[in-house]
Amino acid sequence: MKELEVGKQYKQALIDSETGELLLCEEFTHGTLHTYEQKAVYYQKNEDDPRTFLNVKVSAFPVLADRLTCTQLGHAVYMASYMNYDGTLYRYENSKFPMTRKELAEVMQVSQRTLSRTLNQLKDSKILSEVTVSVHGKRKQAFKMNSAYFFRGGRQKTGKAGVTAKLFTETMRQLYKQNGAAKTGFFCKLLPYLDKETNIICANPRRDSSIERAKPLGVADIAKITDVSISNVSDYLRSMSYENKFAFARLSAGTGKSRKLLFIMSPELASRTKGIPTAEIMKYFDVLNAA
C-alpha cells in the first residue's frame, strides 16, 4: 500500500460489501500521527488555564445520553454552561439574581413555547429542576442543573466526582449558536469516548497510554453510538465549526494496512486533562488553513 504524504488531502470510501453501495466518501489530512504513539504535543501542561469550564460526569453520561435526543442534550448542555457553582443558572458570572424564564429564552434564541417544551422534557428526565432560592433577602425562582451530570469547580463537596470532562463555556456556546442544539448534542454524546491524553474519539478512552494504543471509532461506530445516520455523522465530523475552528480534526495514523482514520475533538471545546492546547495540534482545526 502506498504511503501517504504529510499535509496532503486524501479520501477514504466506505462501501457496503453486499450491495456495493457507496455509503460515504470521507476526506482527511494525513498528519504527524504516523503511529498510535503520541508524537504530537497536545497540551502545555505546565501553564495555568484561565478558561471558564463546566464539568460533565462522563461516567454517568451514558444514562443521560440514553434519556435525551441529540437536540434535548444540546439544549441541556447549553443551559448548563450558564450554571453557577451551586448549580443554578445565571445570565452572567456577576449577575445578582438567577436567570428568569424570559432571559433563558433569549440566550437560547428560542420562543417561550419551545422553551416550555424543552424545560418539561428536561424536568421529566431529571436533568433540571425549578427551585426557589433566597438572594439578598428576596425569594426568587431559579433553574438548577442536576449535579449527577453537571457541576462547576475543581471537585464536588460531596465526594468523588468520577470520570469527568471539561466543557469550555465560551467555545461551547459558540458551537451551539453556529450549529444548533441537535449538532451540539451529537458532539456531547461523544464525550464518554474522549481519550484522556489525545482527544481522539476511541473505544478505550481510559487506557494507559504507556502500554495500550487508542482504538479509534469510525463513522459507522459513531453513528451507532449517537443514533445519527452515517451520512449525517460524516457531514457533522467534516463541517461542524465554532468561530474559525473545526469541532473535529480528521487525521490518519499508522502505516500500510494498519492505517486508521482518527477523529479528534477540539481541545478548545472539551478536554479530560489539564493544560492549554498547543499551536501544533490546533493547526489541524483551523478553518482558514483548510480553505
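Me: Buried means under 20% relative accessible area, exposed over 50%, and partly exposed in between (1.4 Å probe, protein chains only). Is Met172 buried or exposed?

Reply: Met172 has a relative accessible area of 5%, so it is buried. Before going on, note that this is a predicted model, in which local features need pLDDT of at least 70 and side-chain atom pairs count only at pLDDT 80 or more, while totals for chains, interfaces and linings use all residues. Residues are numbered from 1 along each chain as its sequence is written, and side-chain values use heavy atoms, leaving out hydrogens and water.

Me: Where is Met172 found, and what is it in contact with?

Reply: Start with two terms. Helices (H or I, at least four residues) and strands (E, at least two) are DSSP runs, numbered from the N terminus. Contact means heavy atoms within 4.5 Å. Met172 is part of helix H5, residues 169-189. Setting aside neighbours within four places in sequence, Met172 is in contact with Val77, Leu167, Thr184, Phe187, Cys188 and Leu269. Leu269 is 97 residues from Met172 in sequence, yet their C-alpha atoms are 5.9 Å apart.

Me: What do the totals for the protein chain say?

Reply: The protein chain has 9 helices and 14 strands. Of its 291 residues, 49% count as buried. If you take the contacts between residues at least 6 apart in sequence, 65% of them join residues at least 24 apart.

Me: Which residues of H2 are buried?

Reply: They are Cys70, Gln72, Leu73, Gly74, His75, Ala76, Val77, Tyr78, Met79 and Ala80. H2 is mostly covered, with 10 of its 11 residues buried.

Me: How should I read the packing of H2 (residues 70-80) against H3 (residues 101-108)?

Reply: Two packed helices are described by the angle between their axes and the distance between the axes. Axes are lines fitted to C-alpha atoms, for helices over the stretch in contact, and angles run from 0 to 180 degrees between N-to-C directions. Angles under 35 degrees count as roughly parallel, over 145 as roughly antiparallel, 65 to 115 as roughly perpendicular, and the rest as oblique. For H2 and H3 the angle is about 115° and the axes are 11 Å apart. That makes the two helices roughly perpendicular.

Me: What is the handedness of the crossing, and which residues meet?

Reply: A crossing is left-handed if the near helix is turned anticlockwise from the far one by less than a right angle, and right-handed if clockwise. H2 passes H3 in a right-handed crossing. His75, Tyr78 and Met79 of H2 meet Leu104, Val107 and Met108 of H3. By class, the residues of this contact are 5 nonpolar, 1 polar and no charged. Here Ala, Val, Leu, Ile, Met, Phe, Trp, Tyr, Cys and Pro count as nonpolar, Asp, Glu, Lys and Arg as charged, and the others, Gly among them, as polar.

Me: At what angle does H2 pack with H4 (residues 112-124)?

Reply: The angle is about 90°, and the axes are 10 Å apart. H2 and H4 are therefore roughly perpendicular to each other. H2 contributes Gln72, His75, Ala76 and Met79 to the contact, and H4 contributes Leu115, Thr118, Leu119, Gln121 and Leu122. These residues divide into 5 nonpolar, 4 polar and no charged.

Me: Which residues of H6 (residues 219-226) are buried, and how are they arranged around its axis?

Reply: Val219, Ile222, Ala223 and Thr226 are buried. Looking down the axis of H6, they fall within an arc of 105°, so they line one face of the helix. The arc is that of the directions from the helix axis to the C-beta atoms.

Me: What is the phi of the residue just after H6?

Reply: That residue is Asp227, with a positive phi of about 60°. Asp227 is a residue other than glycine. Its place is in the loop between H6 and helix H7 (230-239), and its relative accessibility of 71% makes it exposed. Glu243, also not glycine, has a positive phi near 50°. Glu243 lies in the loop between strand S9 (241-242) and strand S10 (245-246) and is partly exposed at 48% relative accessibility.

Me: Where does Asn94 lie, and is it buried or exposed?

Reply: Asn94 lies in the loop between H2 and H3. With a relative accessible area of 70%, Asn94 is exposed. Asn84 is 10 residues from Asn94 in sequence and 9.8 Å from it in space, C-alpha to C-alpha.
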